[in-house]
Amino acid sequence: MGASVLHNEFGFFGNGDLRNGLEGFSFASEYVSSGGPLPNRDLGYLKINGGGGGTGSGSHKFYPDVTDGRILNKDYQQITYVKTLTLDSNGNKSGGHIGMIPYDKNNKRIDQRSLGGRGDTTLSRNLNAGDSYIYITSNSGWSYSTTYHQRMPILYPSTHPDYNHANEYTRIGYGDYTLYYSTAGPELTDQGDYKLTLTNGNAGNAATFPNIGYSTPSGTPISNGRAGSTFMYGNYMHTYPTDWTQRNVTYSSMGNFGMGSYMPWGVKYLRFLILKNYTYRTGPNDGSFAIASMFIGPRMGGKDYSQIL
């Protein structure tokens, strides 16, 4: 299962070898038809002028072989080639984030704030619409940060058709319903559990739990959703050399992509992603760089694609 690929195609990103020029990669400044990284498969490269840190995404979708958004049935390797073409007027090369953007089965982008893995615990008391507090069994792994987007309780109601897998992917707490708790963090109570005071985010004003349409009794799984990496940056490189350089990453399990090289829980498909010259986005942005051979494919039988990449 997962994406199908013909024998004469180049990985699961359509036009990943640029045989059709800019097709699928409209974020590039131009297509150069020769001078790519692979002498025996030279189909050119994409040139990007400046960039300013802006998001560029491919239009082609890659469907990994995943069961129920929870089990990754193959290991996948993503590979990209990059190099700096011209320095900016400050003398800096280019550099920054390359990876993928994940989406769920409803075509909604998966943010790491909707993923468990941090502070995984359960409700210690029933939680109802209109409540001002959430009570949790443990405070281990929960953030006490003053930054509001680090303080998000995300929940997994057992009767929800999509978000019932404990401490994995949910949009209750961030996404469909967005919740924050106060800078006091989890506060120890006389009964030995911990209290989260609900607020409306950065302003810190009191808030109440909304009617989400599903019951959340004591024992319901809950995690601490946190912002961080907006996308998956498996092919990140701080500074691109002036010679073609390969970046690669292997995804072999599901998890929170903000905590390592994981395919995110809940994923249905992904698209290629680059934050254009993000490392030097505050500079003059008058340099240029190249990317080529945008590839992703399964790792099976010890094959590492060295013969085609």
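Trainee: In which order do the five strands of the open sheet stand, and how are they paired?

Mentor: The five strands follow one another as E1-E2-E21-E6-E17, forming an open sheet with antiparallel pairing. Strand E1 (30–32) and E17 are the edge strands, each with a single partner strand, so one side of each is left without a neighbour in the sheet. From one strand to the next the twist averages 30 degrees, where axes are lines fitted to C-alpha atoms, for helices over the stretch in contact, and angles run from 0 to 180 degrees between N-to-C directions. Strands here (E, at least two residues), like helices (H or I, at least four), are DSSP runs numbered from the N terminus, and two strands pair if DSSP finds at least two bridges between them.

Trainee: On what kind of model does this rest?

Mentor: The model is predicted, with pLDDT of at least 70 needed for local features and 80 or more for side-chain atom pairs, while totals for chains, interfaces and linings use all residues. Residues are numbered from 1 along each chain as its sequence is written, and side-chain values use heavy atoms, with hydrogens and water left out.

Trainee: How many bridges join strand E2 to strand E21?

Mentor: Strand E2 (residues 45–49) and strand E21 (residues 288–299) run antiparallel and are joined by four bridges; Asn49 has Ser288 in E21 as its bridge partner.

Trainee: Which strands make up the three-stranded open sheet?

Mentor: The order is E3-E20-E7, again an open sheet with antiparallel pairing. Strand E3 (55–57) and strand E7 (98–103) stand at the edges with a single partner strand each, so one side of each is left without a neighbour in the sheet. Direction ignored, neighbouring strands of this sheet are turned by 40 degrees against each other on average. E7 and strand E20 (residues 269–275) run antiparallel and are joined by six bridges, with Tyr103 opposite Tyr269 in E20.

Trainee: How many cavities of 30 Å³ or more does a search of the whole structure find?

Mentor: Rolling a probe the size of a water molecule over the atoms shows where empty space is left. On a 1 Å grid over the protein atoms alone, a cavity is a set of points where a 1.4 Å probe fits but cannot get out, whereas a pocket is an open set with protein on both sides within 12 Å along at least five of seven lines, and lining residues have an atom within 4 Å of a point. Grid points are joined across faces, edges and corners, and a volume is the space filled by probe spheres set on the points. Two cavities of 30 Å³ or more are found. The largest has a volume of about 50 Å³, and its lining includes Phe10, Pro37 and Ser293. The second largest cavity holds about 40 Å³, with Thr86, Lys93 and Asn285 among its lining residues.

Trainee: Which residues lie nearest the centre of the largest pocket?

Mentor: They are Asp68, Gly69, Lys105, Gly266 and Val267, from a lining of 21 residues, and the pocket takes up about 390 Å³.
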